[in-house]
Amino acid sequence: MKITDIKIEKLYIPMKKPFKIAFAEQDHSENILVKIMTDEGIWGIGEAAPFEPVTGESNETVICVLNLFRQALIGMDAVNIEQIHVMMDRLIVGNTAAKAAIDIALYDIKGKMMGQPLYKVLGGNSNSFITDMTIGIDTPENMAAEAKSRVEDDGFSVLKIKAGINPENDIRAIKLIREAVGPSVRLRVDANQGYTVNDAIRTLNAFDEVGGVEAVEQPVPYWDVDGAAFIRSKVNVKVMLDETIHTSIDAARAVKKDAADILNIKLMKCGGLYEAEKINAIAEANHVNCMVGCMLESKVAIAAGASFVAAKANVTEADCDSFMYAVDPEMGMSGGFTIKNGVYTMSEKPGLGLDIDF
């Protein structure tokens with residue numbers, strides 16, 4: 001099945017309201033869609049959601065890299081996914097969102113060729129799972145009000161609370177959120193590299209006391225694996241690593257140092273589903289669970305990440321909510337999955353299962 005052409009298209013995604021984390025604030029996302037076509041009439045859709053503070057990419061660099069890949073990809077066999085990843089890695093280091101766009105489109109093709117939904121192609125553990133909903137940084141009172149609405153109005157049972165700018169405000173936010181949503185809602189916190197080791201230990205212990213927080217994601221800078229391991233030895237809250245984990249090599253280093261209870265896999269960080277499988281395998285072999293997270297993505301990349309969650313028993317958590325922040329969450333892309341009360345149910349259509357073409 002030879003690749004005959006690749007189309008590239010920009011996608012502008014306005015948010016319902018600005019979304020604030022420890023090191024950035026966004027009111028929109030500018031992503032790139034790709035369409036890979038083959039000589040057998042089967043085509044696949046992929047997406048790049050670059051985020052400079054994490055992947056080091058912009059729209060402009062993604063388009064340049066995709067055009068570089070296009071020259072090499074035409075004539076290659078779309079089913080030879082490992083061969084294509086080897087080619088991409090030899091051409092350019094990093095640029096993982098661009099690589100993820102190609103990867104997702106290839107897996108979409110593979111699912112369509114097999115006549116199976118992607119979650120079955122990847123493993124088929126289940127066709128449904130629970131995702132969290134993320135609460136961005138605001139005043140503690142506003143965060144508590146939003147959390148209450150997400151639980152009572154939208155039916156979510158797991159919330160991820162952004163933090164990392166001001167520990168005292170973070171502790172107060174968790175206290176107010178717990179009071180607002182009650183004892184049964186699961187809470188985890190994402191500090192996005194915002195704490196020092198000492199602040200993290202103090203703040204995580206306070207979270208445990210006032211809010212029953214079950215896990216804190218990336219409390220310290222991405223490079224401080226030793227710091228994460230030390231924090232983990234001093235607190236009762238689980239430590240999750242996100243920005244630290246880009247590749248399977250990063251995963252191996254983190255589990256070897258006992259630095260994490262959970263690894264957060266994001267397709268845009270690791271270059272797609274091919275590398276995500278390696279990360280999950282390393283984690284599973286070391287008795288560490290995984291979560292699949294996301295950047296500000298459309299349903300294309302979300303459907304790919306959601307398929308991976310459904311496919312793998314070791315992926316026990318999901319943070320696949322970002323498309324819901326968009327003014328128009330569907331964006332003309334019906335299918336792929338349904339979501340109700342925070343529960344994803346995957347489509348049984350082949351590949352990503354999305355009704356989209358361009």
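Colleague: Is methionine 133 buried or exposed?
Modeller: This is a predicted model, in which local features need pLDDT of at least 70 and side-chain atom pairs count only at pLDDT 80 or more, whereas totals for chains, interfaces and linings use all residues. Residues are numbered from 1 along each chain as its sequence is written, and side-chain values use heavy atoms, with hydrogens and water left out. Methionine 133 belongs to strand β5 (residues 133-135); helices (H or I, at least four residues) and strands (E, at least two) are DSSP runs, numbered from the N terminus. Buried means under 20% relative accessible area, exposed over 50% and partly exposed in between, with a 1.4 Å probe and protein chains only, so methionine 133, at 0% relative accessibility, counts as buried.

Colleague: Which residues does methionine 133 touch, leaving out those up to four places away in sequence?
Modeller: Contact here means heavy atoms within 4.5 Å. With residues up to four places away in sequence not counted, methionine 133 touches Arg150, Phe156, Val158, Leu159, Lys160, Asp321, Met324 and Tyr325.

Colleague: Which side chain does aspartate 319 join in a polar contact?
Modeller: Aspartate 319 is placed in the loop between β12 (315-318) and β13 (334-335), and its relative accessible area of 3% makes it buried. Beyond four places away in sequence, the residues it touches include Thr131, Asp132, Lys160 and Cys294. A polar contact is a pair of N or O atoms within 3.5 Å, where within protein one must be able to donate a hydrogen and the other to accept it, and residues adjacent in sequence count only if both atoms are side-chain atoms. At 2.6 Å, such a contact joins the side chain of aspartate 319 to that of lysine 160.

Colleague: What is the volume of the largest cavity?
Modeller: On a 1 Å grid over the protein atoms alone, a cavity is a set of points where a 1.4 Å probe fits but cannot get out, and lining residues have an atom within 4 Å of a point. Grid points are joined across faces, edges and corners, and a volume is the space filled by probe spheres set on the points. The structure holds four cavities of 30 Å³ or more, and the largest has a volume of about 280 Å³.

Colleague: How do the residues lining the largest cavity divide by class?
Modeller: The lining has 24 residues, and Phe19, Lys266, Cys294, Met295 and Leu296 lie nearest the centre of the cavity, while β1 (3-21), β2 (24-38) and β6 (158-162) each supply at least two residues. Ala, Val, Leu, Ile, Met, Phe, Trp, Tyr, Cys and Pro count as nonpolar, Asp, Glu, Lys and Arg as charged, and the others, Gly among them, as polar. The residues of this lining divide into 11 nonpolar, five polar and eight charged.

Colleague: Which element supplies the largest share of the lining of the second largest cavity?
Modeller: The second largest cavity has a volume of about 50 Å³, and its lining comprises eight nonpolar, two polar and one charged residues. At least two lining residues come from each of α11 (267-270) and α13 (299-311). The largest share, four residues, is supplied by α13.

Colleague: How many residues apart in sequence are the parts that aspartate 242 and lysine 269 tie together?
Modeller: A salt bridge is a side-chain nitrogen of Lys or Arg within 4 Å of a carboxyl oxygen of Asp or Glu, and by this rule the count comes to 31. Aspartate 242 and lysine 269 are both buried. Their side chains meet in a salt bridge with an N to O distance of 2.6 Å. Because aspartate 242 lies in the loop between β9 (238-241) and α10 and lysine 269 in helix α11, the pair ties together parts whose separation in sequence is 27 residues.

Colleague: What is the phi of asparagine 95?
Modeller: Most residues other than glycine have a negative phi. Asparagine 95 is located in the loop between α3 (81-91) and α4 and counts as buried at 15% relative accessibility. Although asparagine 95 is not a glycine, its phi is positive, at about 50 degrees.

Terms used
1 Å grid on protein atoms, 1.4 Å probe; cavity = no way out; pocket = protein on both sides within 12 Å on 5 of 7 lines; lining within 4 Å.
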